[in-house]
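Here is a structure to walk through together, from its salt bridges to its helix packing and its chain end. Please keep the sequence and the model in view as you read.

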Amino acid sequence: MIFRRRFADLVSRQLDLFASEHADLLEDVELYLRLYNEAPRDEAEERYGDYVYRVDLAAEALAEIRNTYARTLDEHAADEYERTFEKAAAKRFPRIGSALREI
């Protein structure tokens, strides 16, 4: 737990920056989820694809932040940082968290 604390402030700031720089994308994720939920049955599959596409874009942007910093660390620290980052990202952006773990 002590190791996760060492990255907690950094990760929090990284996620704040992500939220600020990608506010439009985060709004699109919510918009396309709503469009999917409200879509008639014959349009639902296409709307879901639109939603997943936005989630994937957001997850890729988060993964870029995670991976860029992790490359500056030794292997052990990188693993701890990545776990901390993914846990915090999933908590803050629950719709994107599972997609991030797959990247």
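A salt bridge here is a side-chain nitrogen of Lys or Arg within 4 Å of a carboxyl oxygen of Asp or Glu. With that in hand, look for Glu-43, Arg-47 and Asp-50, which are linked in a network of salt bridges. Before going further, note that this is a predicted model, in which local features need pLDDT of at least 70 and side-chain atom pairs count only at pLDDT 80 or more, while totals for chains, interfaces and linings use all residues. Residues are numbered from 1 along each chain as its sequence is written, and side-chain values use heavy atoms, with hydrogens and water left out.

Now for the overall picture. The protein has five helices and zero strands, where helices (H or I, at least four residues) and strands (E, at least two) are DSSP runs numbered from the N terminus. Along the sequence, the pattern reads α-α-α-α-α. The C-alpha trace spans about 50 × 25 × 20 Å along its principal axes. Of the 103 residues in the protein, 37% are buried; buried means under 20% relative accessible area, exposed over 50%, and partly exposed in between (1.4 Å probe, protein chains only). Contact means heavy atoms within 4.5 Å. Among the contacts with a separation of 6 or more, 69% come from residues 24 or more positions apart.

Let us return to the salt bridges, of which a search of the whole structure finds seven.

Asp-9 forms a salt bridge with Arg-13, and their closest N and O atoms are 3.1 Å apart. Asp-9 and Arg-13 are four residues apart in helix α1 (residues 2–21), so they too are separated by about one helical turn. Arg-13 is partly exposed, at 48% relative accessibility.

Which residue meets Asp-16 in a salt bridge? The partner is Arg-92, with a distance of 2.5 Å, N to O. This pair links distant parts of the chain, since Asp-16 sits in helix α1 and Arg-92 in helix α4 (residues 75–92), 76 residues apart. Asp-16 has a relative accessible area of 39% and is therefore partly exposed; Arg-92, at 38%, is also partly exposed.

Next comes helix packing. Two packed helices are described by the angle between their axes and the distance between the axes. Axes are lines fitted to C-alpha atoms, for helices over the stretch in contact, and angles run from 0 to 180 degrees between N-to-C directions. For α3 and α4 the angle is about 160 degrees and the axes are 10 Å apart. That makes α3 roughly antiparallel to α4, given that angles under 35 degrees count as roughly parallel, over 145 as roughly antiparallel, 65 to 115 as roughly perpendicular and the rest as oblique. In this contact, Leu-62, Ile-65, Arg-66, Tyr-69 and Ala-70 of α3 meet residues of α4 including Tyr-81, Phe-85 and Ala-89. By class, the α3 and α4 contact holds eight nonpolar, no polar and three charged residues; Ala, Val, Leu, Ile, Met, Phe, Trp, Tyr, Cys and Pro count as nonpolar, Asp, Glu, Lys and Arg as charged, and the others, Gly among them, as polar.

Helix α3 (residues 41–70) also packs against helix α5 (residues 94–101), at an angle of about 65 degrees and with axes 8 Å apart. These two helices are therefore roughly perpendicular to each other. From α5, the residues Arg-95, Ile-96, Ala-99 and Leu-100 meet residues of α3, among them Tyr-51, Val-55, Leu-62 and Arg-66. The residues of this contact divide into nine nonpolar, no polar and three charged.

Finally, follow the chain to Ile-103, in the segment after α5. Is Ile-103 buried or partly exposed? At 45% relative accessibility, Ile-103 counts as partly exposed. Leaving aside residues up to four places away in sequence, Ile-103 touches Ala-59, Glu-60, Ala-63 and Arg-66. Between the C-alpha atoms of Ile-103 and Ala-8, 95 residues apart along the chain, the separation is 21 Å.
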